[in-house]
Amino acid sequence: MLNLIPFNPRGCFFMGFLSCCCLLMAGAYLQFAEKLEPCPLCISQRIAIFLTGISFLVAAIHNPKQTGITVYAILGAIIALCGASISARHIWLQHLPPDKVPECSPGLEFVFQNFPISNTLKLMLNGTGECAKIDWTLLGFSIPEWTLLAFLALAILSLVQIWNPKTSRY
């Protein structure tokens, strides 16, 4: 097999962790500097990015042998693909005709304080009318579209480590 990966799995997992940090910083910038309030699906995607990053960080710190690399790679890919499915749902909501968009809900803070956790989780994963609004684009892609691409790239980065021959112990 050609060695197309310039880093060992530990370095790749650490780069994945740094990528997740950058994604979370971009989300914070859009929220606090650009004043774009995140919708329930945006927050769910941030949680998935955070969990993906944590799985990458643990893999990098642990620096396991091949069996561990495989386990971390699959775990990281599963979490990233769960995030990708949330992004895909968000994109689907953004492309619905206006008459098919679900109603807007009260803010998440209100929902957390006044509804059972099961209702809150359902709201966060299904999305609401706020989720259908496109507030920002870059090169014609909305935030959830960029996030979907990032999740898919993270899943690929994670899975490729299974076949990364540059295992090292240091």
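Me: At what angle do the axes of helix 2 (residues 40-62) and helix 3 (residues 66-94) cross?
Reply: In this predicted model, local features need pLDDT of at least 70 and side-chain atom pairs count only at pLDDT 80 or more, whereas totals for chains, interfaces and linings use all residues. Residues are numbered from 1 along each chain as its sequence is written, and side-chain values use heavy atoms, with hydrogens and water left out. Helices are DSSP runs of H or I with at least four residues, numbered from the N terminus, and axes are lines fitted to C-alpha atoms over the stretch in contact, with angles from 0 to 180 degrees between N-to-C directions. The axes of helix 2 and helix 3 come within 9 Å, and the crossing angle is roughly 165°.

Me: Are helix 2 and helix 3 roughly parallel or roughly antiparallel, and what is the handedness of their crossing?
Reply: Angles under 35 degrees count as roughly parallel, over 145 as roughly antiparallel, 65 to 115 as roughly perpendicular and the rest as oblique. Helix 2 and helix 3 are therefore roughly antiparallel. A crossing is left-handed if the near helix is turned anticlockwise from the far one by less than a right angle, and right-handed if clockwise; helix 2 passes helix 3 in a crossing that is left-handed.

Me: How many charged residues has the contact of helix 2 with helix 3?
Reply: With contact meaning heavy atoms within 4.5 Å, residues including Leu41, Leu51 and Phe56 in helix 2 meet residues of helix 3, among them Tyr72, Ile79 and Arg89. Ala, Val, Leu, Ile, Met, Phe, Trp, Tyr, Cys and Pro count as nonpolar, Asp, Glu, Lys and Arg as charged, and the others, Gly among them, as polar. By class, this contact of helix 2 with helix 3 has 13 nonpolar residues, nine polar and, as charged, one.

Me: How far apart are the end C-alpha atoms of helix 2?
Reply: The expected span of a helix is 1.5 Å times one less than its number of residues. The 23 residues of helix 2 should therefore span 33 Å, which agrees with the separation of its end C-alpha atoms, 33 Å.

Me: Which residue follows helix 2?
Reply: The residue after helix 2 has a positive phi, near 50°. That residue is Asn63.

Me: What is the angle at which helix 1 and helix 6 (residues 143-160) pack?
Reply: The axes of helix 1 and helix 6 are 10 Å apart, and the packing angle is about 170°. That makes helix 1 roughly antiparallel to helix 6, at an angle of about 170°.

Conventions:
Helix = DSSP H or I, 4+ residues; strand = E, 2+ residues; numbered from the N terminus.
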